[in-house]
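User: I would like to learn how to read a model like this one. Please take me through it feature by feature.

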Amino acid sequence: MAVYTEVPDEALAAFLAAYEIGDLLSYKGIAEGVENTNFILHTTTGSYILTLYEKRVKPDDLPFFLGLMEHLAANGLACPQPIRTRDGTTLGTLCGRPAVIVSFLEGVSVRRPGVKHCRALGAALAGLHAAGADFALARPNALSVAGWRPLFEAAEAQADRVAPGLADRTRQDLALLEASWPQDLPGGVIHADLFTDNVFFLGDEVSGLIDFYFACTDSFAYDLAICLNAWCFEADYAFNRTKGQAMIAAYQAVRPLAPREVAALPLLARGAALRFMLTRLVDWLNVPPGALVKPKDPLEYDRRLAFHRKVAAAEEYGWSPVAV
Ligand SMILES: Nc1ncnc2c1ncn2[C@@H]1O[C@H](COP(=O)(O)OP(=O)(O)OP(=O)(O)O)[C@@H](O)[C@H]1O
Ligand SMILES: N[C@@H](CCO)C(=O)O
């Protein structure tokens with residue numbers, strides 16, 4: 001569960017005194033999530049999320065993340081909106097941790113997305129890319145191709161303990177992706193972690209996007225490739241082309257992909273799978289003693305990589321030309 005920092009009542013009361021969000025009625029820790037400590041607050045004016053940033057979030061990145069959420073919300077995207085204190089700041093300190101309060105979003109995430117969810121997600125992703133277009137800050141993607149080799153090197157010696165042959169096939173994927181990673185594709189602000197747990201639905205409609213703490217400046221098609229990985233594989237690791245088609249078509253209805261983005265899609269999807277395989281592998285091999293959070297299985301992405309290695313063209317992900 002993700003409550004790493006206990007917050008005494010008095011410390012919370014002192015922190016909340018700086019805000020105009022009414023009187024606190026109740027609060028409780030949120031079990032989901034693995035990175036930060038989250039509480040839900042109920043006050044006389046509504047519900048809010050209080051986040052205390054734990055070790056993996058760099059304080060220097062917080063102005064980008066908080067500024068981005070404010071920018072996206074101001075541009076009509078349903079995402080958490082940082083709440084300002086009476087003196088206008090969004091970032092505070094609570095129990096020695098950087099802390100913010102954001103607006104609460106209604107909705108539930110889907111564990112097993114269907115075609116209609118993939119379609120809705122494609123439109124929401126394009127909406128996010130459009131809403132971020134004129135955001136002034138930039139943040140390089142530390143988990144793009146240049147960041148993968150250090151992760152591999154940290155895990156290489158023990159990788160075959162997780163699955164036979166994992167080190168060799170990862171080494172080959174990495175060499176190929178380093179040599180051919182698509183550069184200079186259309187880009188801007190991307191979410192970079194838009195997995196099903198970060199998307200809320202009300203009925204069949206997307207009601208909110210959360211968890212912008214991997215957001216960065218990178219190619220838009222890479223964000224789409226991340227979503228194809230996270231949303232369009234079945235439990236047996238077969239890629240569901242109907243889901244891919246629904247997602248890509250809905251994305252293209254807002255922002256058609258350029259021919260070079262289409263051509264790059266197989267490599268981008270393979271790279272996205274490698275990125276999540278590697279971060280999961282490193283976490284899997286480094287579970288701290290007594291950890292409360294179960295690490296995510298890297299082999300789910302090793303299995304996806306087996307599919308991506310055989311893909312020759314974007315059509316295999318369900319891409320088709322935009323009808324004109
Ligand atoms: N603005 C919000 N509105 C409603 N619920 C929220 C909001 N932000 C977070 N939550 C809830 O808190 C949970 C954890 O949030 P989040 O995913 O941001 O945590 P994290 O530890 O940073 O995550 P992760 O492990 O996914 O990186 C979410 O699954 C959701 O249930
Ligand atoms: N979405 C990531 C976890 C980080 O939020 C994963 O599934 O590996």
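Analyst: Start with burial. A residue is buried if 20 or more other C-beta atoms lie within 10 Å of its own, exposed if 12 or fewer, and partly exposed in between, with C-beta atoms placed from the backbone. Leu 121 has 28 other C-beta atoms within 10 Å, so Leu 121 is buried. This is a predicted model: local features need pLDDT of at least 70, side-chain atom pairs count only at pLDDT 80 or more, and totals for chains, interfaces and linings use all residues. Residues are numbered from 1 along each chain as its sequence is written, while chains are lettered from A and ligands numbered from 1 in the order in which they are written.

User: Where is Leu 121 found?

Analyst: In helix H3, residues 115-131. Helices (H or I, at least four residues) and strands (E, at least two) are DSSP runs, numbered from the N terminus. The protein chain has 9 helices and 9 strands.

User: How many bridges join E7 to E8?

Analyst: Two strands pair if DSSP finds at least two bridges between them. Here 4 bridges link E7 (residues 199-202) and E8 (residues 205-209), and the strands run antiparallel. Val 199 has Leu 209 as its bridge partner. Phe 201 stands opposite Val 206. The hairpin has 2 residues between the strands, and Gly 203 takes a positive phi near 65°.

User: Which residues come nearest to ligand 1?

Analyst: A residue is near a molecule if its C-beta atom, placed from the backbone, lies within 6 Å of it. Of the 17 residues around ligand 1, the nearest are Glu 32, Gly 33, Val 34, Pro 80 and Asp 211. For classes, Ala, Val, Leu, Ile, Met, Phe, Trp, Tyr, Cys and Pro count as nonpolar, Asp, Glu, Lys and Arg as charged, and the others, Gly among them, as polar. This shell has 10 nonpolar, 3 polar and 4 charged residues.

User: Which residues surround ligand 2?

Analyst: Asp 193, Phe 195, Phe 276, Thr 279, Arg 280 and Lys 296. That shell divides into 2 nonpolar, 1 polar and 3 charged.

User: And the chain as a whole?

Analyst: Compare its radius of gyration, taken over C-alpha atoms, with the globule rule: 2.2 Å times the number of residues to the power 0.38. With 324 residues, a compact globule would have a value near 20 Å; the protein chain has 20 Å, which agrees. Buried residues make up 37% of the 324 residues. The C-alpha atoms fill a box of roughly 60 × 50 × 35 Å, taken along the principal axes.
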